[in-house]
Amino acid sequence: MRSGSEDLVFRALVLIHIPVACLVTAVSGQSDSSSSVVVAGYNVSAPAGSRVVLQCVSGRMVWTRDRVRDRQRVVHWDLYRARPDYAMERVVDMFSAGDQRIYNSYNLGRVGITSTAFRDGNFSLVIKDVTMNDRGLYSCNLHHLYCHLYETIRVQLNVTKSRRKEQRFWDGQKAVYVVLLGSTVVLPCINRRNVWTDWSDEEEDQQVVHWDRQSPGVRHDRADRLVDLYASGEQRSYGPLFLQRKMNISNQAFSEGDFSLTISDLQPTDEGMYSCHLHHHYCGLHERREFQVAVELPVIQTTQPAKALPSEDKDATKAESPRVINVILPDQKHHFLLPLGYVLTSFLLLAFIILIIILITRRHRVKEFYPQASMRSSRSHSSADEFEMDVTEVNMCSEEERRLDYKNNLLKERVHMNAQPKVIDLDKEMQKFSK
């Protein structure tokens with residue numbers, strides 16, 4: 001009796017478990033598809049019978065895990081000093097499974113990060129015995145090289161000598177810490193997301209790519225699953241066998257990051273909305289790319305009859321028929337007037353330039369000739385003036401000499417005659433002489 005009752009209970013549990021598992025699977029599938037974000041949409045059209053490739057490429061889904069997986073995550077603290085040289089310097093860094101490195105020997109034993117940072121998500125920087133040289137803008141940088149994640153937290157550290165001025169506040173962009181000189185301060189940097197604190201050994205099971213097809217008039221949640229592909233190498237195809245053969249993904253998809261779907265022998269029944277879902281649960285990646293596929297009429301290629309080859313016995317001396325080339329001229333009446341106008345304008349411009357050159361040369365020649373004539377005329381005028389002046393001077397001198405000779409002769413005659421002198425008016429005598 002007990003074995004019979006246990007068997008009935010076992011069967012009842014199995015019957016209850018099957019629909020519950022199916023319901024959970026359906027709900028999880030819908031949640032995955034609904035939680036993904038549409039990052040791109042494309043319209044693809046191709047003729048029937050052709051081959052179509054729906055490109056779905058993502059570098060964040062490339063499987064890059066290797067033996068040095070500990071170097072996939074790293075945290076480093078940097079300090080920016082506003083004075084005196086405005087320089088940035090590295091304070092400390094640490095990998096997920098390595099020791100931290102202090103870059104300044106002065107900070108050894110005084111500055112550091114907790115060794116359990118990548119387990120508890122606390123990457124805060126501890127500074128002991130704070131000095132004035134510790135002032136500046138600190139930045140906590142988290143890098144996940146595998147998931148392509150980069151996060152930064154900034155903290156401003158100021159140092160004071162007065163205990164009353166100690167405070168902590170948010171200025172709208174960063175946290176500001178004003179601490180007492182010689183005290184110990186902890187600059188916060190906390191991130192407890194699983195991507196920073198956990199590295200799953202079954203990570204390949206958390207990466208999956210699947211293609212869905214939504215026929216015209218069908219809702220998104222009723223889409224048909226075409227293929228599933230896991231980073232572990234497992235691939236699952238759905239639907240009839242002929243559909244599985246004509247739609248496939250490359251086996252090297254996760255190593256190349258190319259998850260494109262190839263559809264061969266495209267038919268009108270293949271129309272619809274195709275969606276590529278990329279899920280990386282470890283890195284928190286959930287993306288979807290949609291392709292609206294339309295099938296056009298097949299391209300009809302007309303076959304031309306083969307041309308007969310020329311016969312060997314053809315008369316070589318026979319001239320070939322001339323080939324006629326049809327030239328279509330424009331109907332505009334003034335089409336030929338435009339070039340003629342350009343030619344006439346060019347000739348007129350050339351004639352005008354030649355005329356200007358001739359005038360300039362003639363003017364230069366006149367200038368070269370007339371300066372000599374003017375010099376000659378000036379010379380002739382000056383010589384004539386000089387000659388006239390010489391003649392008048394000679395005439396005046398000869399007349400004075402005559403007057404003097406006449407006076408002397410009169411005086412001599414009076415002396416020789418021994419007569420009494422008479423008053424002689426020389427002026428009158430001279431007037432008579434002149435007459």
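Visitor: What is the relative accessible area of Asp265?
Guide: Asp265 has a relative accessible area of 44% and is therefore partly exposed. Buried means under 20% relative accessible area, exposed over 50% and partly exposed in between, with a 1.4 Å probe and protein chains only. This is a predicted model, in which local features need pLDDT of at least 70 and side-chain atom pairs count only at pLDDT 80 or more, while totals for chains, interfaces and linings use all residues. Residues are numbered from 1 along each chain as its sequence is written, and side-chain values use heavy atoms, with hydrogens and water left out.

Visitor: And where is Asp265?
Guide: Asp265 sits in the loop between strand 17 and strand 18. Helices (H or I, at least four residues) and strands (E, at least two) are DSSP runs, numbered from the N terminus. Asp265 is not a glycine, yet its phi is positive, at about 50 degrees. Asp129 also has a positive phi of about 50 degrees without being a glycine. The loop between strand 7 (125–127) and strand 8 (136–144) holds Asp129, which is partly exposed at 46% relative accessibility.

Visitor: Let me step back. How many helices and strands does the protein chain have?
Guide: The protein chain has seven helices and 19 strands. Of its 435 residues, 28% are buried. The accessible surface is about 31,800 Å², and carbon and sulfur atoms account for 56% of that; such areas come from the Shrake-Rupley method with a 1.4 Å probe, and for residues only the protein chains shown count as cover.

Visitor: Strand 18 came up. What does strand 18 pair with?
Guide: Strand 18 (residues 272–280) runs antiparallel to strand 13 (residues 207–214), with eight bridges between them. Nine bridges join strand 18 to strand 19 (residues 285–296), again in the antiparallel sense. Two strands pair if DSSP finds at least two bridges between them.

Visitor: Which residues face each other there?
Guide: His210 stands opposite His277 of strand 18, and Tyr274 stands opposite Phe291 of strand 19. In the hairpin of strand 18 and strand 19, four residues lie between the strands, and Gly284 takes a positive phi near 75 degrees.

Visitor: Is strand 18 mostly covered or mostly open?
Guide: Strand 18 is mostly covered, as eight of its nine residues are buried.

Visitor: New topic. How many salt bridges does the structure hold?
Guide: The structure holds 13 salt bridges, a salt bridge being a side-chain nitrogen of Lys or Arg within 4 Å of a carboxyl oxygen of Asp or Glu. One of them joins Arg225 and Asp212, whose closest N and O atoms are 2.5 Å apart. Arg225 lies in strand 14 (residues 224–230) and Asp212 in strand 13, so the pair ties together parts that are 13 residues apart in sequence.

Visitor: Are those two residues buried or exposed?
Guide: Asp212 is buried, with a relative accessible area of 6%, whereas Arg225 is partly exposed at 29%.

Visitor: Where is Asp78?
Guide: Asp78 is in strand 3 (residues 73–80) and counts as buried at 10% relative accessibility. The side chains of Asp78 and His76 make a polar contact at 3.2 Å; a polar contact is a pair of N or O atoms within 3.5 Å, where within protein one must be able to donate a hydrogen and the other to accept it, and residues adjacent in sequence count only if both atoms are side-chain atoms.

Visitor: What about Trp77?
Guide: Trp77 also lies in strand 3 and is buried, at 0% relative accessibility. A polar atom of the Trp77 side chain is 3.0 Å from the backbone oxygen of Phe123.
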